[in-house]
Amino acid sequence: MFFRASVLDFDSWGKPGSGILSGNGKWFGAFDQCIGIPDAKYCLVSVLGKFRTNTTFPISYGICIPDACNKSDVSTVVGNYIKNVTHRYFPSIRVVDLSCYEEPSYTTAAMLTIIFCCIILVCCAIGTVIEISHESFQDGKEFDFIATQNRALKHEKDTVESSFGLEIPKEADVTETTPLLRGNKKKNGVSDSLKLETGQTNDKIKPTAEDAINDSPQLKSNSLLVDIFLCFSLLRNTRDVLKTDVAPGAVTSLYGMRVMSLFWIILGHVYIFSAVDGTLENIFELGQETESFSMMVVINSYPAVDTFFFLSGLLLMYNVMKRLKSNNEGINWGKYYLHRYLRLTPTMMFVILFVVQLEPFVDKGPLWQRHVDEPNCDDYWWTNLLYINNFYPTNVVSNSCMRWTWYLAVDMQFFAITPVIIYLFIRFGYRGVIGTSVFLSTVSMICIAVITKHYGIHAMANAMPKASP
């Protein structure tokens with residue numbers, strides 16, 4: 001048994017594979033096999049070495065060691081292995097990172113988060129059931145109203161004229177007296193559901209089944225508790241998310257711009273994460289591929305995010321100016337800011353809670369530990385709450401909580417200064433817009449110049465393979 005465990009342990013170690021000259025430094029080994037061995041644990045060692053002329057690139061090396069070994073023991077094992085085995089072939093190798101996989105434990109915070117998520121799921125289930133039963137009850141009431149009013153209309157002539165101009169026999173099913181598509185209740189003071197006969201006045205118009213439904217007593221309004229549960233209804237929220245209705249006056253061309261920009265961002269991030277996070281096995285070939293014309297779409301995917309800044313500003317200005325035009329009293333700016341804050345913040349804070357407490361339980365793998373490690377959120381979660389996480393902490397890359405939420409912070413800051421621009425436009429017309437645009441563009445260029453000079457960033461850093469990171 002001990003011999004079998006030792007063989008599995010050694011077999012779980014990562015080994016150099018083919019394609020090293022193409023940049024294959026992903027020697028993960030057998031992760032599942034290692035953690036399946038009793039009293040064994042998997043560790044991933046990240047090293048830097050030169051394997052091709054003078055090019056240095058990272059290598060990820062998986063090892064399987066006894067669970068009793070601590071981090072210092074692992075460092076000793078790795079150092080001896082590099083010194084005695086690897087160093088003779090690759091003398092420039094040095095260790096830059098070491099992480100060992102540990103099974104996540106159910107802490108008090110994790111348990112409370114699970115309970116909170118279960119409460120939300122229960123509310124979703126209750127809201128969905130209420131929504132379904134409520135719709136079924138309304139449908140039944142509508143049928144009852146139609147049947148009741150149909151009996152009241154039996155004294156009419158044998159045929160009645162429907163909204164579509166079709167003659168419906170008196171013996172027809174009562175449900176066919178209500179058109180599938182209802183027009184407006186009134187148009188030019190005349191009901192759409194019944195045409196006037198010659199010599200007939202409005203006072204002599206007989207009510208139709210549709211009018212009976214519209215004029216019937218409404219169902220009792222929901223209580224506050226029911227309305228709260230309905231907010232969690234999966235049926236209602238799914239319809240809202242997937243609906244394709246277009247509001248009157250909407251700029252429909254922006255939908256296409258949003259979709260194309262979203263695909264563009266996803267395309268760029270797929271390549272970026274593959275190259276940076278250590279899942280690409282031919283990074284040298286990717287470097288050569290970036291010189292091709294077709295890869296320009298990927299290399300220049302950085303401005304794709306700016307498209308959403310443009311869309312947010314355009315729609316905000318469009319909607320605010322439309323409201324100002326129809327409402328002479330102006331806009332309540334306090335409500336304006338509060339609505340924006342409440343629309344974004346609860347969702348973002350829930351995502352932070354889920355990522356920090358529950359993401360370790362979602363999956364596991366050689367690189368998973370790097371993705372779920374968010375210790376900075378314990379200290380800097382409040383910067384996300386205030387939307388200043390793109391400024392503080394100053395080292396955003398290594399110290400910020402969920403650094404990919406920088407977009408929300410920047411977008412909120414743009415949103416905060418928008419009323420100033422709107423005021424200048426209302427006060428000075430297009431002169432205010434042009435002056436504001438020139439001022440902000442100038443400040444933007446000055447900031448870029450100062451940052452570039454301060455950090456010594458080359459203007460073509462992303463296109464130069466030997467430029468400093």
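This is a predicted model: local features need pLDDT of at least 70, side-chain atom pairs count only at pLDDT 80 or more; totals for chains, interfaces and linings use all residues.
The protein chain has 469 residues, of which 28% count as buried, and its secondary structure comes to 17 helices and eight strands. Its accessible surface is about 31700 Å², with 63% of that area belonging to carbon and sulfur atoms. Among contacts between residues at least 6 apart in sequence, 65% join residues at least 24 apart.

In soluble globular proteins, nonpolar side chains tend to be buried together. The largest nonpolar core in this model holds 28 residues, and the members that touch the most other members are Cys43, Val45, Ile63, Ile65 and Val74. At least two residues of this core are supplied by each of helix H2 (31–35), strand S2 (40–52), strand S3 (55–66), helix H3 (71–86) and strand S4 (94–100). Another core, of 11 residues, lies apart from it and includes Met348, Met349, Ile352 and Met402.

**Helix H8 and its surface patch**

Helix H8 covers residues 253–276 and contributes seven residues, the largest share, to a nonpolar patch. This surface patch, of about 700 Å², is made by Val259, Leu262, Phe263, Ile266, Leu267, Val270, Tyr271 and Val297. An α-helix has 3.6 residues a turn, so residues three or four places apart point the same way. The buried residues of H8 are Leu254, Ser261, Ile265 and Gly268, and what covers them includes helix H10 (296–299) and helix H11 (304–326).

Tyr271, found in helix H8, counts as partly exposed because its relative accessibility is 33%. Tyr255, also placed in helix H8, is partly exposed with a relative accessible area of 38%. Not counting residues up to four places away in sequence, Tyr255 touches Val246 and Ala250, while its C-alpha atom is 9.7 Å from that of Leu311, a residue 56 places away in sequence.

**Backbone geometry**

Most residues other than glycine have a negative phi, and most peptide bonds are trans. The following places in the model depart from that pattern.

| Site | Backbone value |
|---|---|
| Tyr392 and Pro393 | cis peptide bond, omega about 0° |
| Tyr387 | positive phi, near 60° |
| Met402 | positive phi, about 50° |

Pro393 is found in the loop between helix H14 (377–385) and helix H15 (396–399), and Tyr387 has its place in the loop between H14 and H15. At 3% relative accessibility, Tyr387 counts as buried. Met402 is found in the loop between H15 and helix H16 (406–428); with a relative accessibility of 2%, Met402 counts as buried, and Met402 is among the members of the core of 11 residues.

Methods: Residues are numbered from 1 along each chain as its sequence is written. Side-chain values use heavy atoms; hydrogens and water are left out. Patches are made of residues with over 30% relative accessible area and no salt bridge: like charges are joined within 9 Å, nonpolar side chains (Val, Leu, Ile, Met, Phe, Trp, Tyr) within 5 Å. Accessible areas come from the Shrake-Rupley method with a 1.4 Å probe; for residues, only the protein chains shown count as cover. A salt bridge is a side-chain nitrogen of Lys or Arg within 4 Å of a carboxyl oxygen of Asp or Glu. Helices (H or I, at least four residues) and strands (E, at least two) are DSSP runs, numbered from the N terminus. Buried means under 20% relative accessible area, exposed over 50%, partly exposed in between (1.4 Å probe, protein chains only). A nonpolar core is a set of buried Ala, Val, Leu, Ile, Met, Phe, Trp, Tyr and Cys residues joined through side-chain atoms within 4.5 Å. Contact means heavy atoms within 4.5 Å.
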